[in-house]
Amino acid sequence: MLSRVAERVYWLARYVERAENTARMVMSFHLVSLDMPKTVQLSWKGLVAVTGTDPIFDEHYQREDERNCVKFLLADHYNPSSVFSSLKSARENIRTTRDLVPSEAWEIINELYLFTRDNLDSGIGKRGRYEFLAEVVQRCQTLTGLLAGCMSHDSAYDFVRLGRNLERADMTSRQIDVGAIRFLKKGADPDPYDGLLWTSILRSQSGFQMYRQHVKRRINGVDVVRFLLQDTPFPRTVAHGLHNVQDALEPLPRNEVPLRLVMQARRHALNADVDQLIADDRLHDFIDSLQLDIAEIHTAILETWFRIDKAA
Amino acid sequence: MPIDWKTYDAAPFYDELITPSGEPRPAARQLADYLTSLDDNELQIRKQAADHAILEMGISFTVYSEGENIDRAWPFDIVPRVIPRSEWQAVEAGLVQRLTALNLFIDDVYNEQRIFRDKIIPKSVLNQSKNFREQCRGIHPPHGVWAHICGSDLVRDGDGTLYVLEDNLRVPSGVSYMLENRQVTKRVFPEVFESASILPVDEYPTQLFDMLASISPRPQDYPVIAVLTPGIFNSAYFEHSFLAQRMGAQLVEGSDLVVDADDCVYMRTIAGLERVDVIYRRIDDDFMDPEAFNPDSMLGVPGLMRAWRNGKVGMANAPGSGVADDKVVYAYVPAMIRYYLDQEPILPNVPTYLCVNEKDRQYVLEHLEDLVVKPANESGGYGMLVGPHATKKQRAEFAQLIKKDPRNYVAQPTLALSVAPTLCDGGLEPRHLDLRPFVLQGVRTDVTAGGLTRVAMRKGSLVVNSSQGGGSKDTWIVDEEA
């Protein structure tokens with residue numbers, strides 16, 4: 001398969017996953033903000049920060065209020081990771097690879113892009129936000145299901161899985177970071193709203209029920225971090241994502257370097273002592289190092305398959 | 001109310017299906033009878049079925065405007081155009097004869113240039129040709145063939161004679177629509193396919209693959225074939241992708257290919273660089289190789305010309321083929337046929353006045369209101385003057401243009417283009433059409449059974465281009481004896 005085409009389906013999957021996860025993050029933050037008493041201030045800017053786009057935000061906004069942050073995360077075209085920008089990029093990538101994916105996939109993305117473009121205002125305002133975000137998440141899931149069920153599971157699909165799972169592992173690690181920042185801020189006093197926040201983080205990944213079934217203890221930060229980082233059966237955890245990345249890498253030619261890196265990253269995630277990391281206030285730093293691992297895997301994929309200059 | 005052919009009036013034009021007295025022509029009898037069995041409502045239902053099939057099959061063409069390119073559904077008329085097989089056999093022979101002569105001419109131009117020495121064609125034609133490529137001198141492509149794929153435009157005049165209007169030898173397009181039109185018609189009119197003997201057209205992708213395989217530098221069963229496209233923004237992208245899929249070839253863009261130090265062409269795949277044997281390029285000479293031609297081209301592949309010249313890759317059509325796709329050269333095709341093949345041309349040319357010749361120029365300038373004036377090197381109907389429809393001012397402008405650059409202009413009499421019944425808002429009405437058959441030449445030569453019929457959907461219009469309100473029809477070669 002052509003490198004250019006592989007690269008496009010890889011980015012297609014990454015962008016769709018990014019749009020879905022960004023929508024999920026905004027959704028969970030939105031819901032928890034409705035539960036919090038007036039006296040507790042949620043930092044929407046903190047949410048922007050975990051996506052790594054805060055420098056761009058600062059270029060365009062003075063006020064770090066809810067409206068600006070939500071607009072930036074959902075709608076702004078100068079934020080390359082906003083839901084709108086991600087879907088626009090996904091659409092451009094699928095346009096040029098329409099021969100490879102089922103034709104319904106193009107229709108889903110095209111319609112989702114148009115829906116998003118035409119309904120951004122509802123997403124930014126509080127009233128229509130839930131419906132808007134739920135619609136985006138659901139349609140992204142439809143695409144994922146369509147590709148899983150109707151596209152040949154060949155090399156092209158391997159690159160779809162690579163993109164999707166690498167992006168998902170990355171986004172879930174960022175979700176953990178939302179909580180990690182709270183650990184840092186917290187002094188000796190137990191925070192009465194901790195439970196609410198962690199619940200919302202779990203919910204944002206549709207992981208609340210699964211957590212309940214598997215962990216059985218009351219919601220607490222340490223267990224939620226451990227679950228989102230290390231649980232293998234639940235498909236939105238970092239460990240599961242990296243496992244799938246490894247699985248998608250296996251059948252690809254010349255996969256040695258990326259494969260070695262993903263195995264390292266998996267060990268890194270699975271061997272982490274979460275209690276100790278939190279006790280030492282090192283969770284945020286750990287997440288940072290995990291994101292570096294993921295970035296390294298991405299670079300290796302890029303160099304192995306998308307930048308071909310030498311004969312086989 | 002069903003159509004009554006007695007009241008259908010195509011006069012003063014030649015109608016492809018119905019005689020002036022209102023009788024269906026013999027080859028069109030089954031179709032005409034079938035159409036009379038349908039009332040307006042039933043015809044509309046079939047039209048809707050066709051529109052639906054086109055949408056569902058994703059047949060589109062791209063219109064680029066305002067920075068956003070839009071895929072539009074392919075405009076299609078459900079009433080096929082019918083040609084009797086007995087007539088088609090002669091057309092087929094004429095097309096083969098023509099392309100054979102044209103390839104001998106191109107090969108001669110880039111090698112001995114006998115035809116100029118023997119004064120059949122003045123050498124000056126070459127010196128002023130925009131599509132002559134000095135870089136191609138001395139090259140001998142496989143089988144002596146340069147133009148492997150040719151789309152010739154045929155038109156029928158008022159007396160029923162088919163003329164060749166032009167030969168497209170650069171990157172002719174439309175064949176995918178010919179194939180898709182047939183698929184749609186089979187869905188809409190399955191009954192007629194049962195009663196009439198209609199020649200199939202589906203062989204084309206296989207023949208194209210075989211032709212391309214025949215020019216591979218590595219004789220083997222499975223050569224690696226790539227279709228080189230300028231990309232998604234090109235108006236013919238649908239066709240590029242369609243043909244690649246049908247042939248099982250790779251659809252590549254310039255950036256996918258690289259020419260290595262061994263002069264071989266490779267494509268960048270996830271398994272590394274893979275050698276490409278034959279390139280079906282859908283990109284003009286100028287943009288093909290920034291090393292050899294336009295250095296600003298972002299679409300091409302540096303070194304492609306070098307790879308081809310050294311015989312490391314097959315290329316269809318060969319660079320430089322466009323030298324014969326020129327309206328001045330066109331005028332000499334009958335002479336070429338006599339010179340190279342020692343045969344009389346089977347298909348006539350439209351009489352053509354070359355403004356570069358003083359006598360012709362004088363005649364053209366005196367008869368501008370009766371003639372169609374065309375620039376020698378443009379395609380797609382750009383920069384034309386249709387004398388009878390032009391204003392006095394436009395004619396005066398063209399007179400100036402001709403005097404300034406006579407080599408660049410030719411003129412032809414306005415033809416009374418034939419018509420065929422076409423489904424319009426008010427039922428079946430005559431509309432003007434042309435025909436583009438496709439000819440493949442490699443070791444052997446194949447002609448499509450029919451081709452792409454393009455129809456001007458607007459009443460009285462002669463413009464058949466899809467970007468300007470033109471549509472298309474399925475074309476049936478009907479065997480009356482079977």
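## Domains of chain B

Chain B splits into two domains: domain 1 covers residues 218-312 and domain 2 covers 353-413. Their C-alpha centres are 38 Å apart. Keep in mind as you look around that this is a predicted model.

## Where the chains touch

Turn next to the interface, where 18 residues of chain A are in contact with 20 residues of chain B. On the chain A side, the most is given by helix 1 (residues 3-35), with three residues. Sorted by class, this side of chain A has nine nonpolar, four polar and five charged residues.

## Cis peptide bonds

In chain B, Ala11(B) and Pro12(B) are joined by a cis peptide bond, with omega about 5°. You will find Pro12(B) in the segment before helix 1 (29-36) of chain B.

Another cis bond runs from Ala316(B) to Asn317(B), where omega is near -15°. Asn317(B) sits in the loop between strand 12 (314-316) and helix 12 (327-331) of chain B.

## Positive phi angles

Gln113(B) is not a glycine, yet its phi is positive, at about 60°. This residue belongs to the loop between helix 3 (85-110) and helix 4 (114-117) of chain B. Gln113(B) has 14 other C-beta atoms within 10 Å, so it is partly exposed.

Asp342(B), also not a glycine, has a positive phi of about 55°. Look for Asp342(B) in the loop that links helix 13 (333-341) to strand 13 (353-354) of chain B. Is Asp342(B) buried or exposed? Asp342(B) counts as exposed because it has 7 C-beta neighbours inside 10 Å, and a residue with 12 or fewer is classed that way.

Terms used. Residues numbered from 1 in each chain as written. Chains lettered and ligands numbered in written order. Predicted model: local features only at pLDDT ≥ 70, side-chain atom pairs only at ≥ 80, totals over all residues. Domains from an automatic or database assignment. Contact = placed C-beta atoms within 7 Å. Helix = DSSP H or I, 4+ residues; strand = E, 2+ residues; numbered from the N terminus. Nonpolar A, V, L, I, M, F, W, Y, C, P; charged D, E, K, R; others polar. Buried ≥ 20, exposed ≤ 12 C-beta atoms within 10 Å, placed from the backbone.
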